[in-house]
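Hi,

Here's the structure I said I'd pass on.

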Amino acid sequence: KHYVCGYCAAFTNIAVTFPIQKVLFRQQLYGLRTQDAVRQLRRDGLRTLYRGILPPLLQKTTTLALMFGLYEDFSALLLSHARAPELVTRSAAAALAGTTEAVLTPFERVQTLLQDYKHHDKFTNTYQAFKVLKAYGMREYYRGLVPILLRNGPSNVLFFGLRGPIKQCLPEATSHSTHLVNDFICGGLLGAMLGFLFFPVNVVKTRMQAQIGGEFQSFSKVLVKIWLERDRKLMRLFRGAHLNYHRSVLSWGIINATYEFLMKLL
């Protein structure tokens with residue numbers, strides 16, 4: 001049930017928020033202002049607006065199915081065998097679930113290539129992108145794995161650890177609709193906070209994954225390179241973070257509310 005609900009929640013979210021994610025992606029990769037990124041998408045045309053949606057649909061639906069499902073499975077397993085405090089056990093379960101999700105890095109990798117306008121003439125679809133990467137070996141599929149691992153584990157720990165306490169701070173729900181609103185607010189607040197916290201990690205990940213072939217540079221080396229390119233200004237490293245904040249409120253609000261709604265329904 002946890003896997004199915006996580007899958008459906010992710011599907012709903014991707015269908016609604018993909019265009020916003022595409023604007024954010026351009027900002028992360030090129031350091032553009034919001035209006036410049038929107039203009040760039042307009043020039044590309046409506047036909048390419050949902051170009052690259054298949055990899056996130058495949059990746060995010062499976063990732064969130066694993067995130068929620070594995071968290072419950074690992075929690076049950078560790079709680080029955082470990083003698084550590086429940087907080088430690090559940091944190092370990094969340095970190096393990098996040099680390100396992102990184103197996104799906106190739107989908108995130110291909111999504112990055114399809115969304116970058118510099119590769120529009122190289123790839124026409126997801127299958128072709130996977131086929132091109134195959135020539136470079138399996139390692140090429142997992143370019144950008146380190147920032148994904150740095151993001152997934154800690155963000156899962158914070159998400160599952162804070163979800164309950166935040167909901168308890170909200171006004172008590174007395175109907176199905178207020179439960180839905182509370183779940184949306186709880187998920188949205190958490191998603192926005194975590195999205196902002198790990199934004200520089202995602203900037204590095206995007207830069208690493210936009211490259212095809214060549215040297216596999218370390219996380220720190222790419223971070224320093226971006227830092228220097230953006231004149232050593234922290235605000236430029238967070239360019240696009242405000243849009244990511246609003247997108248995360250919407251995305252994780254939808255995910256959390258849909259997940260909890262389906263859990264009650266099923």
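A quick word on labels before the notes: helices here are DSSP runs of H or I with at least four residues, numbered from the N terminus. Also keep in mind that this is a predicted model.

Rolling a probe the size of a water molecule over the atoms shows where empty space is left. With a threshold of 30 Å³ or more, the count is 1 cavity, and the largest cavity comes to about 800 Å³ in volume. Its lining has 41 residues, and Lys60, Arg151, Asn202, Arg247 and Trp252 are the closest to the centre.

Which helices give two or more residues to that lining? They are H1 (2–30), H3 (54–81), H5 (105–115), H8 (145–169), H9 (176–197), H10 (199–209) and H13 (241–265). H1 gives the most, with 8 residues. Sorted by class, the lining of the largest cavity is made up of 20 polar, 15 nonpolar and 6 charged residues.

The other thing I looked at was threonine 105, which sits in helix H5. Is threonine 105 buried or exposed? Its relative accessibility is 1%, and buried means under 20%, so threonine 105 counts as buried. Its side chain reaches the backbone oxygen of alanine 102 at 2.6 Å. Setting aside neighbours within four places in sequence, threonine 105 is in contact with Tyr141, Tyr142, Arg143, Leu145, Ile148 and Gln209.

Cheers

Key:
Residues are numbered from 1 along each chain as its sequence is written. This is a predicted model: local features need pLDDT of at least 70, side-chain atom pairs count only at pLDDT 80 or more; totals for chains, interfaces and linings use all residues. Side-chain values use heavy atoms; hydrogens and water are left out. On a 1 Å grid over the protein atoms alone, a cavity is a set of points where a 1.4 Å probe fits but cannot get out, and a pocket is an open set with protein on both sides within 12 Å along at least five of seven lines; lining residues have an atom within 4 Å of a point. Grid points are joined across faces, edges and corners, and a volume is the space filled by probe spheres set on the points. Ala, Val, Leu, Ile, Met, Phe, Trp, Tyr, Cys and Pro count as nonpolar, Asp, Glu, Lys and Arg as charged, and the others, Gly among them, as polar. Buried means under 20% relative accessible area, exposed over 50%, partly exposed in between (1.4 Å probe, protein chains only). A polar contact is a pair of N or O atoms within 3.5 Å; within protein, one must be able to donate a hydrogen and the other to accept it, and residues adjacent in sequence count only if both atoms are side-chain atoms. Contact means heavy atoms within 4.5 Å.
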